[in-house]
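Biologist: Can you walk me through this one? Start with the helices, please.

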Amino acid sequence: MAELIEMPKLSDTMSVGTIVSWLKKEGDSVASGDMIVEIETDKATMEMEVFSDGVLLKQYVKAGGQVAVGEPICAIGNKGEKAPDVTPSAGDEPAKEDAKQESKSKEKQEEASSSASPSDSGSKAESSQASSSGGSPSSDTSNSSDGKRIKASPLAKKIAAEKGVDIAQVKGSGPGGRIVRKDVLEAAEKGTATPRAASSAAGTAASAPVSGPGIGETVDLPVSNMRAVIAKRLLESKTQIPHFYLDIEVDMGPLLEMRSLINAKTSSLPKEQGGFKFSVNDFILKAATEALREVPAANASWMGDHIKQHGEVHMAFAVAVEEGLVTPTIKNAHLKGLRQISAEAKELIAKAQNKKLKPDEMSGSTFTVTNLGMYGIHSFYGIINPPNAAILSVGATVRKPVVNAKGEIVPGDRMHVGLSGDHRIVDGAVGAQYLKALKEIIENPAMMLI
């Protein structure tokens, strides 16, 4: 009898999954341990393994489609066997949102078709296609000027339009050759894709005003599983958790000097000989962990009827990816040295950017760090990542005039660190103690090496 394979629950917040691509075709033989399909959850893209032998009889959902957790996605049985007739549900909010987006885009496409003049029908059709990337396989595709089908994410198309990159010249690295954000950015940086303006200048120069950089046609972007969960969780956090905010300025001079000395010795060596390079964020993660050792009250969670003060530090940190934001977690960070934390952080960042994070690598955090310093943001306050008691928000290091111990005005390197705290768990005094401990560690960075 044929066995129905269901959409698994691959993360604690997953309610629907998207079929990215099938790795086996209908009629293919499969064996236990084979990877048969790539699934996008609200946090990552993962390959799914089967534990049955037989033939893939039926795919109930095509690539690009969404299915609720627990609904069948395919059937496996004996060769020649008839697959059961089932209709999987598309799930709840994210799927409905995508369906809504698809409906809107179809309406716009029909409207464009009925009202567009021959001279502008091409651009409006392209706009409609870019806005309809919710679920069907064709939603990620558009046509190049020579009629060639192009598979690209809506964000990749948007960035290509902003940077004037001819997306038809970009090589995709996503599933099935799909063009994603990083492909467009690399093409723009290396100049490997012919600028769109150059290839079509003759046709557009005299007919329409040229938009400035970053300005393109208005598009309705679909809500991905990840973005839907981010919206839901952060809205809950901001509306249900009583946030309070603290800020402190830290002298980054000693840490930058030590980092420079270490990197000068290690970064030029081959990896097998100990070659390594620390980022400022590596030191921040280590310092944030050590400060929790001094103020354990900040390493806690609200449990409804009691507060749980954790005996371990599982340090999460925010990583921006194409679809949104993920928070991989360094487990037992309090037991790890600076180098191990740095190595794990780099590995987790690479996995996040390649959608290879596993559910257990994104769960169980007891504290979170978010850093926007690389974007030049001086200070900000992150939204608490439940059930953490607080989130640390790290700004850019700025060189500015400061007054030293002798009362002299000298150049100094300063960084603002913000703390958003859950007032149900910690008070302002605890938050202040934590920031004070963090400041002392950062300004005496040798303490991190002990």
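Modeller: Helix α8 (residues 280-294) and helix α10 (residues 428-443) have axes that come within 8 Å and cross at roughly 130°. Axes here are lines fitted to C-alpha atoms, for helices over the stretch in contact, and angles run from 0 to 180 degrees between N-to-C directions. This is a predicted model: local features need pLDDT of at least 70, side-chain atom pairs count only at pLDDT 80 or more, and totals for chains, interfaces and linings use all residues. Residues are numbered from 1 along each chain as its sequence is written, and side-chain values use heavy atoms, with hydrogens and water left out.

Biologist: What do you call the way α8 and α10 sit to each other?

Modeller: Oblique. Angles under 35 degrees count as roughly parallel, over 145 as roughly antiparallel, 65 to 115 as roughly perpendicular, and the rest as oblique.

Biologist: Which residues meet there?

Modeller: From α8, I284, A287, A288, E290, A291, L292 and E294. From α10, Y434, A437, L438, I441 and I442. Contact means heavy atoms within 4.5 Å.

Biologist: Now the whole chain. How many helices and strands?

Modeller: The protein chain has ten helices and 20 strands. Helices (H or I, at least four residues) and strands (E, at least two) are DSSP runs, numbered from the N terminus.

Biologist: How much of the chain is buried?

Modeller: Of the 450 residues, 43% count as buried. Buried means under 20% relative accessible area, exposed over 50%, partly exposed in between (1.4 Å probe, protein chains only).

Biologist: Which residues touch the most others in the largest nonpolar core?

Modeller: I73, L392, Y434 and L438 touch the most other members, out of 80 residues in that core. A nonpolar core is a set of buried Ala, Val, Leu, Ile, Met, Phe, Trp, Tyr and Cys residues joined through side-chain atoms within 4.5 Å.

Biologist: Next, A75. Where does A75 lie?

Modeller: In strand β8 (residues 72-77). A75 has 0% relative accessibility, so A75 counts as buried. Beyond neighbours within four places in sequence, A75 contacts several residues, including L56, Y60 and P84.

Biologist: What about phi at N332?

Modeller: Positive, about 50°, although N332 is not a glycine. N332 is in the loop between β17 (329-330) and α9 (338-353). With 27% relative accessibility, N332 counts as partly exposed. K355 also has a positive phi, near 60°.

Biologist: Last one. Is H314 buried or exposed?

Modeller: Buried, because its relative accessibility is 14%. H314 lies in the loop between β13 (307-309) and β14 (315-317). Among the residues H314 touches are N332 and F367.
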